[in-house]
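Welcome to this short tour. Please have the sequence and the 3D view side by side as you read.

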Amino acid sequence: MGITKTDFFSEEQNDLAIMFKAIGHPARVAILDYLLKVNACITGDIVNELPLAQPTISQHLKELKNAGLIKGAIEGNAICYCIDEKGVEKLQSYFGNILSTLNSRKGCCE
């Protein structure tokens with residue numbers, strides 16, 4: 001099997017890129033906002049909250065879950081979703097490192 005462009009980057013860089021891509025859609029940001037507000041839900045609750053069809057919501061949930069930003073547990077015939085703290089901690093660590101680095105140096109474009 002041939003080498004892909006992602007092979008040139010670290011696992012962390014690839015993981016972060018997947019997360020950034022997942023939150024690059026406003027519907028997914030709205031889903032994350034809703035999950036933060038309610039702390040857990042089933043897919044039907046999200047469908048009632050957003051102006052999107054249930055299959056569309058399910059696809060967005062799948063992308064967020066594959067990116068490690070949410071997790072879900074089957075409860076009867078529904079799935080209860082919530083924010084995956086580990087994924088959010090990766091983002092916090094990445095942006096925290098950026099801020100720390102910027103705060104420790106003088107501006108480059110001033």
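## Annotation and ground rules

In its unreviewed entry, UniProt carries the annotation "domain: HTH arsR-type", which covers residues 8–103. UniProt positions are given here in the numbering used for this model, feature names are shortened, and annotations may be inferred rather than shown by experiment. Across residues 8–103, the span is 67% helix and 15% strand, and its end C-alpha atoms lie 29 Å apart. Helices (H or I, at least four residues) and strands (E, at least two) are DSSP runs, numbered from the N terminus.

This is a predicted model, in which local features need pLDDT of at least 70, side-chain atom pairs count only at pLDDT 80 or more, and totals for chains, interfaces and linings use all residues. Residues are numbered from 1 along each chain as its sequence is written, and side-chain values use heavy atoms, with hydrogens and water left out.

The model has an open sheet of 3 strands in the order 1-3-2, with antiparallel pairing. Strand 1 and strand 2 are the edge strands, each pairing on one side only. Two strands count as paired if DSSP finds at least two bridges between them.

Strand 2 (residues 70–75) runs antiparallel to strand 3 (residues 78–83), and the two are joined over 6 bridges. Along this pairing, Ile-70 stands opposite Ile-83, Gly-72 stands opposite Tyr-81, and Ala-73 has Cys-80 as its bridge partner. The two strands form a hairpin with 2 residues between them, and Gly-76 in the turn has a positive phi of about 70°. Strand 3 also pairs with strand 1 (residues 41–42), in the antiparallel sense over 2 bridges. There, Cys-41 has Tyr-81 as its bridge partner.

## Aromatic rings

Next come the rings. A pair of aromatic rings is described by the distance of the centres and the angle of the planes. Here, rings of Phe, Tyr and Trp (its six-membered ring) pair if their centres lie within 6.5 Å; planes under 30 degrees apart count as stacked, over 60 as edge-to-face and the rest as tilted. By this rule the model has 3 aromatic pairs.

One of them joins Phe-20 and Tyr-94 in a tilted arrangement, 5.7 Å centre to centre with 55° between the planes. This pair links distant parts of the chain, with Phe-20 in helix 1 (residues 11–22) and Tyr-94 in helix 5 (residues 85–103), 74 residues apart. Tyr-94 also pairs with Phe-95, this time edge-to-face, at 5.4 Å centre to centre and 75° between the planes.

Phe-20 is partly exposed at 29%, as are Tyr-94 at 32% and Phe-95 at 43%.

## A nonpolar patch

Which residues make the nonpolar surface patch of about 350 Å²? Tyr-94, Phe-95, Ile-98 and Leu-102 make it. Leu-102 is found in helix 5 and is partly exposed, with a relative accessible area of 49%.

Patches are made of residues with over 30% relative accessible area and no salt bridge; like charges are joined within 9 Å, nonpolar side chains (Val, Leu, Ile, Met, Phe, Trp, Tyr) within 5 Å. Accessible areas come from the Shrake-Rupley method with a 1.4 Å probe, and for residues only the protein chains shown count as cover.

## Salt bridges

The structure holds 3 salt bridges, each defined as a side-chain nitrogen of Lys or Arg within 4 Å of a carboxyl oxygen of Asp or Glu. Asp-15 and Lys-90 meet at 3.9 Å, N to O. Because Asp-15 lies in helix 1 and Lys-90 in helix 5, this pair ties together parts that are 75 residues apart in sequence. Asp-15 is partly exposed at 27%, and Lys-90 is partly exposed at 44%.

Lys-37 and Glu-49 meet at 3.3 Å, N to O. Lys-37 lies in helix 2 (residues 26–38) and Glu-49 in helix 3 (residues 43–49), so the pair ties together parts that are 12 residues apart in sequence. Lys-37 counts as exposed at 59%, whereas Glu-49 is partly exposed at 39%. Lys-71 and Glu-85 meet at 3.1 Å, N to O, linking strand 2 to helix 5 across 14 residues.

Technical notes: Buried means under 20% relative accessible area, exposed over 50%, partly exposed in between (1.4 Å probe, protein chains only).
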